[in-house]
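Please study the structure shown here. The questions after it are meant for a first course in protein structure.

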Amino acid sequence: MNLKVDGHSPIPIRRQLMEQLRHVIEGGGVPRDQALPSIRELAGFLGVNPNTVARVIDDLKQGGYVEARRGKGVFVAAAPPARPSPHLRATFLQDAVIRAAALGMTADDLSVGVLSLAGIRPPAIRGAVEILLVECSPPELDFFARQLEAHLPVRVDKMLLAELAAVTRRPKQSGRWRAAVTSFCHLPQVERLLKGKGVPVIALLAEAHLETLHRLAQFPSGTRVGVASTTVETAHNLEHSIANANLPNIALVGVCPAEGAALGRLVRRADVIVCSSAAAERVRGLAGSTVQVMIDDRALDQRAIEMLAALLVRQNGDGPTPAAPRRRLRPHRSIGRKS
């Protein structure tokens, strides 16, 4: 594998390494079922923190690119997900790099330029800044934090919604946060608790992976689909994302956490269960061979990342700004359908 990270790039090292490994796996640079170098070996070769490499490997596991085998290491998955036309993507990127080099641009110049045109402009964010993430459960906190830190140079301060009221009463406690982010259902409460603190609040949207929606769209008409996750809140969020696709061939028959008798009842009513990876073992144990299990840990909507990045760019590292008007990212209801 030809991997290289640049510690001086405004693109986070975790994001650099994640994208390179995905590209290598998608392009067949590491054969399926072959072991990856150990975390320690990768960290030593690249000169980066082993914790960063471990988080990248965890991200790849969540995405279905690799799998851990007890006592043997981490292996490329037998059927890793493939983004559309990996060969065309590789050809396009190679052509762009060659054209940029002809103009005297480095690869870093090119990557920053592309992000700038997209409205993200990472050089304007001077170093990692701290943002507050508020959610109702530890799994949701971990999910959003991983995604945000993988895409932006930010440090995420994770906090449960139940703890926010007490924390905001402390003098100057909120002064270190450049922004607060939460999901749509908690937006009004978080805005109320942070009112007058000078911390803009942004609502983030997480969607089911397109691969999941495409697979669901292939099932026969009338297929019954249930949704399970570690908490009922995350299950409802995943169900809402699937419902927004308006797939005419499936019928959503309910959601439940991956514990208790409710899961057994849901499995008996469903032909397919969509669940998080954390709930997969429990779901598979009940589903047997009669119910198909699909794993989906959702993906943070790119527009949400761009919105947060644009806010940080406007602040330009100069400290907190007055609370901005409510920023909403409204779910689209056309995924999986032609306009």
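Q: How many aromatic pairs does the count come to?
A: This is a predicted model, in which local features need pLDDT of at least 70, side-chain atom pairs count only at pLDDT 80 or more, and totals for chains, interfaces and linings use all residues. Side-chain values use heavy atoms, without hydrogens and water, and residues are numbered from 1 along each chain as its sequence is written. Rings of Phe, Tyr and Trp (its six-membered ring) pair if their centres lie within 6.5 Å. By this rule the number of aromatic pairs is 0.

Q: Which residue lies over the face of Phe75?
A: A charge sits over a ring if NZ of Lys or CZ of Arg is within 6 Å of the ring centre and within 35 degrees of the ring normal. At 4.2 Å from the ring centre of Phe75, the residue over its face is Arg69.

Q: What is the distance between the end C-alpha atoms of helix α1?
A: Helices are DSSP runs of H or I with at least four residues, numbered from the N terminus. The expected span is 1.5 Å times one less than the number of residues. Helix α1 (residues 13-26) has 14 residues and should therefore span 20 Å, which agrees with its end C-alpha atoms, 20 Å apart.

Q: Is Cys256 buried or exposed?
A: Buried means under 20% relative accessible area, exposed over 50%, and partly exposed in between (1.4 Å probe, protein chains only). Cys136, with 29%, is partly exposed. Cys256 has a relative accessibility of 3%, so Cys256 counts as buried.

Methods:
Rings of Phe, Tyr and Trp (its six-membered ring) pair if their centres lie within 6.5 Å; planes under 30 degrees apart count as stacked, over 60 as edge-to-face and the rest as tilted. Helices (H or I, at least four residues) and strands (E, at least two) are DSSP runs, numbered from the N terminus.
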